Amino acid sequence: MRFIETFFNTKVMADYMPDLIHAMGVTLGLAVATIITGILCGAALACLRVAGLKLVNFCIIVFADIMRALPPLVLILILFFGMPSLGLNISGWMVVYIVLSLVLTAFSEEIFWGGLTAIPAGQWEAGRATGLSKAQTLFYIAFPQAARRGIPPLVNRVLATTKLTALGSVIGVKEILSVSSSAQSFSGSATPLTMAAIAYLIIFIPAVIASHKIERRYHFAT
Amino acid sequence: MTQPRTMLEISGLEKSFGDIEVLKSIDLKVQEGELVFVIGPSGSGKSTMLRCCNRLEEPTSGAIFIEGERITDIPRRDLDRMRLKVGMVFQGFHLYPHMSVLKNVMLAQIKALKRAKPEAEARALEMLDQVGLKHKADAMPAELSGGQQQRVAIARALALDPGVMLFDEPTSALDPELVGSVLKVMKDLRDKGMTMLVVSHEMQFAREAADRVIFMDGGYVVEQGTPEEIFGNPKSDRLKTFLSRVSHEDAGAEAD
Amino acid sequence: MDTFIQTFFNLDIMSQAFPLLLKGAVMTLKLCAVVIVCGLAGGLMLALAALSPNRALRWSAIAYIDLFRALPPLVLLVFVYSGLPFAGVRLSPFMAVVIAFFLNNSSYFAEVFRAGINAVPKGQTEAARATGLSQAQALTYVVLPQAVRNVLPDLLSNTVEVVKLTSLASVVSLSELLYSANMARSVTYNASPLVLAAGMYLLVLWPLVRVIARYQRGLAVN
C-alpha cells in the first residue's frame with residue numbers, strides 16, 4: 001500500500017499531468033527535429049562522399065568518427081558552457097538539438113555510406129550505360145537501394161538518439177525528465193518519476209516493437 | 001550358427017508434426033554388420049525415421065531399441081550417453097566451422113566420452129587416416145571440398161566407437177565428381193563390419209553394397225528385400241513406379 | 001580566434017585540471033569494467049532465456065528486453081538514484097549507476113547475442129547433440145563461439161556505447177571523468193577542462209570506432 005502511495009499517488013499525478021503532457025510535446029518536438037535534420041544531413045554527406053574528393057571525404061570521416069566516439073553529454077556541456085564565452089547565447093533546447101543532430105548525422109552518414117559501398121558495381125554500370133549521369137545514377141539507382149539496406153540499423157540508431165533527448169534535463173530543457181525531476185522534489189513524492197517512465201514507454205514501446213518488425217522485414221537486406 | 005545380434009530395432013514407430021502424419025507405422029530390424037539401405041520418394045519420411053533413431057526427433061509413439069536397449073523412453077538426461085552409441089552423418093555435413101578438422105573429431109571424444117586429450121587426438125588421427133584425410137588434420141573445414149568435409153564428418157562420428165551408423169542422404173549435397181570418395185569410405189566401413197542404416201538416392205551403390213533394401217512410401221515400409229529382389233523383381237506398384245521414375249532421372253541424380 | 005582558443009583550448013587551465021581529470025578517468029575505467037562485464041554476462045543469460053523453449057521464461061525475457069530498451073538510460077538512472085529512496089532503498093551513486101546501466105546494457109547485449117545465436121545454423125546443434133554432447137556443451141563449444149564471431153562488430157560497437165554511457169554518471173555526482181571535468185569547468189569558468197575530457201574519451205574510443213568501421217567494411221565486401 002505504501003508502495004502505491006509512493007510511486008502511484010493519484011493526487012500527485014493529477015497535479016502534474018498538464019506539465020508532463022507539455023513536456024512530452026517538448027520531447028517529441030526535439031526528437032522529430034533531430035531525426036529530420038540528422039537523417040537528411042547524413043544522407044547528404046554520404047552522397048557527397050560518392051564524388052570522391054579526397055579532402056572532403058577525409059573531413060567527413062573525421063567528423064563521423066569523432067561524433068560516434070564522443071559521449072553526447074560531453075558535447076552538450078561544451079556547447080552550453082562554452083558558447084556564452086564567445087558571446088553566443090544559445091538556448092538549452094538549441095544545444096541539445098544541435099548535438100543530437102550532429103550525432104545522428106554521423107551515424108546515418110556511415111549507415112548510408114555502408115549501404116552505398118555494398119551496391120554492386122554492375123548497378124552503377126547499368127545506370128551509366130543507359131545514359132544516366134553519375135548524379136542521376138546515384139539518386140535514382142544507388143541511393144534508394146542503399147537506403148533500403150540501411151533501414152534496420154538506422155531505425156535502431158534513431159531510437160537510441162531520440163532517447164538521448166533526456167540529456168536536456170542536465171541543462172534545463174523542459175522535457176519529460178527535467179519536468180518530472182523537479183516535480184519530484186517539489187512534491188516530495190516519487191510519483192512524477194513513475195509518470196516520466198510511463199511517458200517514455202508510451203512514446204518508445206511502440207517504436208521498439210515497430211523496430212522488431214522492420215528488422216524482420218528487411219532482414220534479407222542486411 | 002548363432003543368431004546374429006540385432007543392433008537396431010524399430011517397432012510400430014509413428015511420428016506426426018501437428019496434423020501431418022509423417023510416419024504411420026514403421027517396423028525395421030538391422031542386424032550386426034548389416035548395411036541396410038532406405039529408399040523412397042522425397043517426403044516419404046525416411047529422414048524423419050532416421051532422426052528418431054537418436055531422438056533428434058521425438059517419436060509420437062512406438063519403440064526403438066539400440067543394442068537391445070529401449071531408447072524411446074529413457075529420460076532426457078540419459079540421451080547423451082545413448083547418442084554415443086549411434087553415429088550420425090548429415091546431408092549438410094555440419095562440421096564446426098570455427099575449429100580445425102582435428103578439433104572437430106576430438107571435441108565429443110573429450111567432452112562427451114571423457115577421453116584424455118592425447119588418446120582423443122590419436123584416435124582422431126586414426127579415424128582421419130581411415131577416411132583418407134590425415135594430411136588435412138590442421139585444415140579448417142572451409143578449406144575442404146564438400147566430399148572431404150563429409151568424410152571428416154564420418155570420422156567425427158566413428159571416433160566415438162558407435163555400434164550403429166546412421167547416414168542421412170550423405171551424398172545429396174555433393175557435386176557428382178565428389179560422391180565416389182564418400183561412397184568408398186562407406187564401403188570400407190561395411191567391409192570392416194560396421195552396422196549401417198543409410199537413407200540415400202544412390203541406387204547404384206545400393207545395388208552393389210547393400211545387404212537389404214527398404215522401400216518407404218507414405219509413412220510405411222512398403223517393401224523390403226535383397227537388392228536383387230527390390231531392383232530386379234519389385235512386387236508393389238508403388239515401388240515399380242518409383243523405380244521407373246528414378247531410372248528415367250538417371251539414378252541418383254534425384255534432387256531432395 | 002583568440003577568445004575561441006582561450007575558451008576551449010586554454011592550456012594553463014587544462015594542465016591544472018589534468019590531475020583531477022586523471023582521477024576521474026580512473027573512476028570511469030572502473031565503472032566501465034563493472035558495467036561491461038555485468039552487461040555482457042546478463043545479456044548472454046537474457047538472450048538464452050529469450051530463446052528458451054519455456055514459454056513463460058521466453059516471454060518474460062523478451063518483455064524485460066523491450067521494456068529497458070524503451071527507457072532512456074538517464075531516466076533509469078534518475079529513477080534508481082532518486083526514486084528508490086522513497087521505497088527505502090538508498091544506493092550509493094556507484095551502485096545506482098551500475099544497476100541502472102545493467103538494466104539498459106543487458107537488454108542491448110541480449111539483442112546482439114540473440115541475433116548471433118539465431119544466425120548459427122540449426123544443423124550445428126544437431127550435429128553436436130548427435131555426437132553425445134549435452135545441450136550446455138553444444139552451446140558452449142559449438143554454438144556460442146560461432147555466435148560471438150557472427151556479431152563481434154556489434155558487440156564492440158555496443159561496448160563503445162557503454163563507455164559513452166558512463167558519462168551520464170556525472171548527473172548523480174559520481175566523480176568520473178565528465179563529472180571531474182565539469183567540476184573543473186565550474187571552478188575555472190572555462191570550458192577547456194571539458195574539451196580535455198573530450199580528448200581523453202577520443203583517445204580511447206576513436207581507435208575502437210575505427211576498428212569497428214574496418215570490420216563492417218570487411219563484412220560488406222564479403
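Predicted model: local features only at pLDDT ≥ 70, side-chain atom pairs only at ≥ 80, totals over all residues.

The element that gives the most to the lining is α7(C), with five residues. If you sort the lining of the second largest pocket by class, you will find 12 nonpolar, four polar and nine charged residues.

With chains B and C both in view, let us turn to the interface between them. On the side of chain C, 17 residues are in contact with 22 residues of chain B. Together the two chains bury about 1,700 Å² between them, and 58% of that area is on carbon and sulfur atoms.

What polar contacts and salt bridges cross this interface? Seven residue pairs are in polar contact between chain C and chain B, with both residues at pLDDT 80 or more. The elements of chain C that give two or more residues to the side touching chain B are α6 (122-130) and α7 (135-150). Of these, α6(C) gives the most, with seven residues. By class, the side of chain C that touches chain B has seven nonpolar, seven polar and three charged residues.

There are also two salt bridges across the interface of chain C and chain B. Side chains of opposite charge can pair when their charged atoms come close. In one salt bridge, Arg129(C) is paired with Asp80(B), and the closest N and O atoms are 3.3 Å apart.

Now let us step back to all the chains. How many salt bridges are found over all of them? The count comes to 29. One to look for is in chain A, where Glu109(A) forms a salt bridge with Arg49(A), their closest N and O atoms being 2.9 Å apart. This pair links distant parts of the chain: Glu109(A) sits in helix α5 (residues 92-117) and Arg49(A) in helix α2 (residues 10-50), 60 residues apart.

Key: Residues numbered from 1 in each chain as written. Chains lettered and ligands numbered in written order. Heavy atoms only, no water. Contact = heavy atoms within 4.5 Å. Buried area = accessible area lost by both parts, 1.4 Å probe. Salt bridge = Lys/Arg side-chain N within 4 Å of Asp/Glu carboxyl O. Polar contact = N/O pair within 3.5 Å; in protein donor to acceptor, adjacent residues only side chain to side chain. Helix = DSSP H or I, 4+ residues; strand = E, 2+ residues; numbered from the N terminus. Nonpolar A, V, L, I, M, F, W, Y, C, P; charged D, E, K, R; others polar.
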